[in-house]
Amino acid sequence: MKKLILSMLALAALSITSCSSDSDGNSDSVVIDANNFKGTLESGEEATLDPSKVYLLNGPFIIKDGAKLTIPAGTVIKATEVLTGDTNGVRYIAVAQGGKIFINGTASNPVVMTSNKAVPTSGSWGGLVICGKANTNKGGSTGQTASAEVSELTYGGTVSNDNSGVIRYLRIEYTGFAYNSSKEFNGLSLFGVGSGTTIEYVQAYKNGDDGIEFFGGTVNGKYLISVDSEDDSIDFADGWAGTGEYWYIKNTAKAGIEGSNNGDNGAATPVTNATLKNISIVKGTGAGSEQAMYVKEGGGKWNCQNIYVDGFAKGIKISATDAPSNDNITNGFVTFNPIQFVNTPIVSEYAGTNTTYVTQGNNTGAGNSAGTPSWAAGWTLGL
């Protein structure tokens with residue numbers, strides 16, 4: 001996980017193309033210029049994109065508290081290239097606390113967020129960022145807030161069922177923009193997002209950093225795909241307490257799944273409490289990748305069921321010097337029951353006394369073992 005702190009100067013110049021008042025006087029319907037998609041939706045403003053148009057994302061677009069953006073099935077958003085001297089800022093879409101986004105793709109007609117380069121490459125733009133009001137251990141143990149790594153927006157709180165909207169059938173391509181040599185965006189970044197939010201059928205494709213990452217919060221993620229990630233495929237940290245179900249991961253550069261509790265304090269509370277079910281992690285052609293799963297920085301609690309791992313040198317990576325992570329395995333808080341390892345010579349690096357935390361079996365993983373699951377048909381790439 002690489003960190004990115006964006007300058008607030010990039011947000012100062014944001015603007016909306018045009019708007020008009022609804023007849024009820026209670027909200028403003030905003031019309032967004034498809035050739036200059038950037039700016040902010042303010043409180044009380046709503047916008048619905050036109051799927052017959054291709055939207056050119058020319059800078060950050062922020063959905064503020066009390067605002068709503070709806071993206072219909074088939075809509076395509078293309079992030080333009082940041083050129084030398086460009087003052088528009090990094091291209092990304094962000095939902096602030098209290099804002100809502102509704103992405104209404106379908107299996108045959110997904111919403112696509114991608115690069116406008118003639119020959120797209122990873123790292124072209126910033127991806128989608130959502131900030132909610134659910135708990136995180138990054139700010140503190142009793143609902144303190146923190147500043148998001150990839151937008152400087154506030155996230156965190158005590159609203160476990162906070163609702164940031166609905167995302168279904170979304171493909172995010174070629175993200176991972178590098179703010180500097182060590183800080184990059186993810187494809188989908190979820191900061192303190194609550195369980196009232198729906199995240200289903202999302203693919204991160206050819207991302208320069210992590211494909212999808214959960215930073216605390218309680219949101220669940222179902223039917224998630226990460227392919228050709230240049231860091232970890234799916235990452236969770238900072239007290240995430242949710243369920244990940246039906247994940248398909250392929251061609252990762254580092255870990256298929258990386259899970260931690262807190263990078264500054266491995267024992268921070270509330271601890272990460274992840275339930276992971278029906279997941280396939282396939283090394284495929286991922287150059288340099290060694291481990292299917294990496295338990296790190298305290299690890300937290302992992303309850304893993306029906307996991308399929310194929311082609312990695314290590315199934316479960318854990319550092320011998322990470323005492324909180326090792327203690328969580330020893331004390332029975334990290335379990336894999338059942339898990340299947342194929343072409344994976346080292347099942348686990350854990351060397352402690354718990355001999356029952358791994359139960360091996362014959363598993364279907366995301367639905368078809370190493371093969372593409374049926375639910376991925378029609379809306380994905382690279383499988």
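Tutor: The side chains of Thr252 and Ser233 are joined by a polar contact of 3.0 Å. The model is a predicted one, in which local features need pLDDT of at least 70 and side-chain atom pairs count only at pLDDT 80 or more, while totals for chains, interfaces and linings use all residues. Residues are numbered from 1 along each chain as its sequence is written, and side-chain values use heavy atoms, with hydrogens and water left out.

Student: What makes the pairing of Thr252 and Ser233 a polar contact?

Tutor: The term requires a pair of N or O atoms within 3.5 Å, where within protein one must be able to donate a hydrogen and the other to accept it, and residues adjacent in sequence count only if both atoms are side-chain atoms. The value for Thr252 and Ser233 is 3.0 Å, so the pair qualifies. The side chain of Thr252 also reaches the backbone oxygen of Ala255, at 3.1 Å.

Student: Why is Thr252 called buried?

Tutor: Buried means under 20% relative accessible area (exposed is over 50%, partly exposed in between, with a 1.4 Å probe and protein chains only); Thr252 has 0%, and therefore counts as buried.

Student: How do you know that the buried residues of helix 2 line one face?

Tutor: In helix 2 (residues 323–330), the buried residues are Ser325, Asn326, Asn328 and Ile329. Seen down the axis of helix 2, they fall within an arc of 155°, so they line one face; the arc is that of the directions from the helix axis to the C-beta atoms.

How values were computed
Helix = DSSP H or I, 4+ residues; strand = E, 2+ residues; numbered from the N terminus.
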